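The tour below goes from one selection to the next and says what to look for at each stop.

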Amino acid sequence: RQMCIRDSVETLKESFVDNGDQTVTSKEHGLMWVKTDSMNDLKKWVNYQDSVDYVRELNEKKFAGYEDWRLPTRDEMPTLFNKGLSNTDQFGKTIHISDKFASGGGFSMVAQQVPGRMRTWVLNIRDGEFNHPEGLWTITEAARAVRKI
């Protein structure tokens, strides 16, 4: 029985590939993520506008050769989270994303704006809980950029 659990964790770990260009691909979901997040790169929490600016700057400098980076959708965010994965945030606490990602980032991630609403989704990658905070300008989260492959 334990062998099955370990095999599934190994399979889970192998579903994320470090591309060697500061990006990580989720083969299972057809998504490429930036290896770091805004906390790694900017050393601060970001509101929604800051997170949009962060992604725009990645596109302007054609990060890893691409200019179609964006914030993830609500449905894409949990594809990174799994209790079987372990990494650490900037406080040294466990976050449940692949160790292919840089450690020392934020413990949350922000999604694209909900169409027609002044709201977004936030995923806590310590516990997998979603939050739907009021207001885009008062949130303080981390932004993680993604693109489809």
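The model is predicted, so local features are given only at pLDDT of at least 70 and side-chain atom pairs only at pLDDT 80 or more, while totals for chains, interfaces and linings use all residues. Residues are numbered from 1 along each chain as its sequence is written, and side-chain values use heavy atoms, with hydrogens and water left out.

**Stop 1: N40**

Select residues 38–42, which form helix α2, and pick out N40 within them. N40 counts as buried because its relative accessibility is 12%; buried means under 20% relative accessible area, exposed over 50%, and partly exposed in between, with a 1.4 Å probe and protein chains only.

Now show the polar contacts of the N40 side chain. A polar contact is a pair of N or O atoms within 3.5 Å; within protein, one atom must be able to donate a hydrogen and the other to accept it, and residues adjacent in sequence count only if both atoms are side-chain atoms. The N40 side chain reaches the backbone nitrogen of D37 at 2.9 Å. A polar atom of that side chain also lies 3.5 Å from the backbone oxygen of G104. Which residues does N40 contact, leaving aside neighbours within four places in sequence? They are A102, S103, G104 and G105, where contact means heavy atoms within 4.5 Å.

**Stop 2**

Select residues 31–34, strand β3. In a regular strand the side chains alternate between the two faces of the sheet. Here L31 and W33 point one way, M32 and V34 point the other way, and all four are buried.

W33 in β3 is the bridge partner of V24. The hairpin of β2 and β3 has four residues between the strands, and G30 in this hairpin takes a positive phi near 65 degrees.

W33 has its bridge partner in β9 at V146.

**Stop 2: K35 and D18**

Show the side chains of K35 and D18, which meet in a salt bridge at 2.5 Å, N to O. K35 lies in the loop between β3 and α2 and D18 in strand β1 (residues 16–18), so the pair ties together parts 17 residues apart in sequence. A salt bridge is a side-chain nitrogen of Lys or Arg within 4 Å of a carboxyl oxygen of Asp or Glu, and the structure holds nine of them. K35 counts as buried at 17% relative accessibility, whereas D18 is partly exposed at 33%.

From D18, move along to Q22 in the loop between β1 and β2. Q22 is not a glycine, yet its phi is positive, near 70 degrees.

**Stop 4**

Two bridges join β7 (residues 120–124) to β8, and L123 stands opposite F130 in β8.

D53 and R56 have their closest N and O atoms 2.9 Å apart. Being three residues apart in helix α3, D53 and R56 are separated by about one helical turn.

**Stop 3: R126 and D89**

Finish with the side chains of R126 and D89, in a salt bridge at 2.5 Å, N to O. R126 lies in the loop between β7 and β8 and D89 in the loop between β4 (87–88) and β5 (94–95), so the pair ties together parts 37 residues apart in sequence. D89 is buried at 3% relative accessibility, while R126 is partly exposed at 23%.

Terms used. Two strands pair if DSSP finds at least two bridges between them.
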